[in-house]
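Open the model in your viewer and keep the selection panel at hand. The stops below are meant to be followed in order.

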Amino acid sequence: MKREEVLELQEFCKETRRLTVKQIASLGLGHIGGALSMVELLAVLYNKCMNVDPKNPYMEGRDRLVLSKGHCGPGLYTVLAQKGFYPIEELYTLNKPGTILPSHVDMLKTPGIDMSTGSLGQGLSCAAGMAKASKIVGDNAYIYAIVGDGECQEGQIWEAAMTASQFCLDNLITFVDVNKAQCDGWVDEIVSMNHMKDRWESFGFFAQEIDGHDVEQIYEAIERAKETKGVPSVILLNTVKGKGIPMFESMAPKNHHIPITKEMEAQALAELG
Amino acid sequence: MEMRKIFSQEVEKLMQTNDKICVISADMAGAHDNFWIQDKYPDRAFNIGVCEGNMASVAGGMSAYGMVPFIYTFSSFSGRRMLDQIAISICHPKLNVKIVGSDPGISATILGATHSALDDIGALRSIANLVIFEAVDERQLRQAIPQIAAYDGAVYVRVIRKEAEDIFDDDYKFDLFKADVIREGTDVTLMATGIMVAEALRAVEILKEEGISAELVNVHTIKPIDEETVLASLKKTGCGVTCENHNILGGLHSAVSDVVTEKYPVPLKAIGVHDRFSEVGPLDYLKKLFKLTAEDIAEAAREAVKSKS
């Protein structure tokens with residue numbers, strides 16, 4: 001990736017974070033931590049990888065994203081707005097009556113959302129179903145799925161992993177946002193998901209472990225995943241919950257779903273620079 | 001012919017012309033006569049293994065991609081094991097998945113309590129965007145499958161695997177959303193689903209000999225219930241008996257009660273399993289054990305008629 005492309009993506013990420021803070025602050029509370037930890041991934045996917053058309057969000061043969069950790073919708077909503085799926089102003093309707101942007105992602109409400117999720121563990125199975133359907137149709141699309149590391153405590157994640165492996169779904173690229181925190185605290189202290197790479201490899205995945213805030217590493221890992229045929233891919237993103245805003249980072253692990261006052265918003269935006 | 005064979009034949013017929021239809025089994029391909037379909041359509045018909053919840057979500061994803069998956073398991077697992085996945089991966093996003101639950105209620109016979117779904121309708125009925133249909137016989141099932149496939153939305157199909165008693169004749173015209181008046185009568189309405197239709201039909205004959213004119217309605221689609229037909233019959237007869245192979249809590253009796261209570265209160269008796277788990281045993285034994293026989297229905301009908309005055 002060229003230096004200017006990296007800088008452009010970093011600038012995109014900064015704007016994503018700014019708008020996500022403003023979006024959640026407009027409501028006064030929300031899932032800020034996990035929305036901020038996946039920003040670089042979304043920036044790379046929507047700017048460099050995914051075959052999607054904001055003007056035709058239901059285009060046949062498009063690449064699809066399933067945000068299995070559906071509570072992090074606000075992060076994705078921002079990126080979809082930045083890409084032109086709907087006006088930026090929509091962001092400030094988050095979770096308000098009649099909004100197209102509900103707390104957990106809803107494919108019937110939001111242009112650009114490919115699958116509704118919200119009950120953790122299910123989205124990866126849905127993504128596997130899409131990848132299987134894509135193979136049946138033969139449209140050569142890629143299906144991307146984002147799961148949380150806490151979400152990996154759900155048994156269904158591993159049922160989905162078995163399906164992806166058994167059906168050789170090499171068109172399915174799964175990302176685990178390893179931000180190390182879940183609703184109640186640190187993942188390691190609740191139910192550890194250590195040896196994560198070994199776990200996925202033992203399920204038959206091509207697993208890569210990278211810095212989830214390095215856009216170049218993310219892009220290159222996706223390229224390697226695409227080149228790997230016959231097995232599904234997982235990319236483990238080493239991330240920081242609340243990334244990019246020291247105030248939120250320092251609150252981890254208690255930054256899953258928090259109130260954001262006007263004062264906090266001002267401080268967060270100042271910290272973001 | 002066994003209902004599972006009718007099912008597989010009719011679905012396969014549709015697959016010949018509709019390349020969106022898929023068949024997914026959760027280690028129940030043999031039980032549902034799907035091996036030959038898997039052989040014929042290896043891409044669209046496959047076994048996903050023992051992971052029913054995952055199967056439901058995979059099917060949701062496939063439907064979001066435009067496919068029309070039929071997913072097969074025992075009804076005991078459709079209601080309990082897949083409940084959250086049916087709600088969140090299928091019904092909330094209004095996806096087009098056909099959920100086939102076999103061996104409902106006491107038809108699981110010797111498999112006993114764990115495999116006898118007496119709660120599947122109750123569990124699933126409160127999920128929005130889901131049609132719930134229970135098949136009665138071969139002629140009905142053959143007509144039902146193309147309509148279910150053509151309906152753009154989630155349908156739960158409750159069906160026995162073995163042979164069903166013939167109820168309908170060759171002139172029968174099925175409508176997924178319209179209940180069938182099988183016998184007309186004036187004194188009491190028997191509303192029945194699945195294997196209980198045959199028992200209710202025998203009850204009609206028992207009652208006829210006693211001078212009680214019973215109307216028999218097959219409420220094959222429990223949700224959305226055909227209010228018009230149910231209410232028209234109850235307005236005519238003034239009382240009813242619901243007959244179901246399910247817990248009386250949450251199933252047909254509850255569905256009919258919901259309508260009757262609000263729109264036309266009349267005496268209503270419940271034939272079904274009264275809030276118990278099933279037992280092991282042959283079908284006839286279980287029908288007697290849970291008071292699901294024609295004589296039990298006739299007795300409930302007599303009481304219903306008496307309670308009108």
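The tour goes from the sheet to its helices and then to the domains.

This is a predicted model, in which local features need pLDDT of at least 70 and side-chain atom pairs count only at pLDDT 80 or more, while totals for chains, interfaces and linings use all residues. Residues are numbered from 1 along each chain as its sequence is written, and chains are lettered from A and ligands numbered from 1 in the order in which they are written.

**The sheet.** Select the strands of chain B in the order 2-1-3-4-6-5-10; they form an open sheet of seven strands with mixed pairing. Strands (E, at least two residues) and helices (H or I, at least four residues) are DSSP runs, numbered from the N terminus, and two strands pair if DSSP finds at least two bridges between them. Strand 2 (45-47) and strand 10 (221-223) of chain B are at the edges with a single partner strand each, so one side of each has no neighbour in the sheet. From one strand to the next, the twist averages 20°.

Now select residues 21-25 and 68-74 of chain B, which are strand 1 and strand 3, paired in the parallel sense over five bridges. Opposite Ile24(B) you will find Ile71(B) in strand 3 of chain B.

**Helices on the sheet.** Contact here requires C-beta atoms, placed from the backbone, within 7 Å.

Next, show helix 7 (residues 138-150) of chain B, which runs at about 160° to strand 6 of chain B.

**The domains.** Finally, colour domain 1 (3-159) and domain 2 (180-308) of chain B separately; the bounds come from an automatic or database domain assignment. Their centres, taken over C-alpha atoms, are separated by 26 Å. The contact takes 23 residues from domain 1 of chain B and 27 residues from domain 2 of chain B. On the domain 1 side, strand 5 of chain B gives the largest share, five residues.

Definitions and conventions:
Axes fitted to C-alpha atoms, helices over the stretch in contact; angles between N-to-C directions. Contact = placed C-beta atoms within 7 Å.
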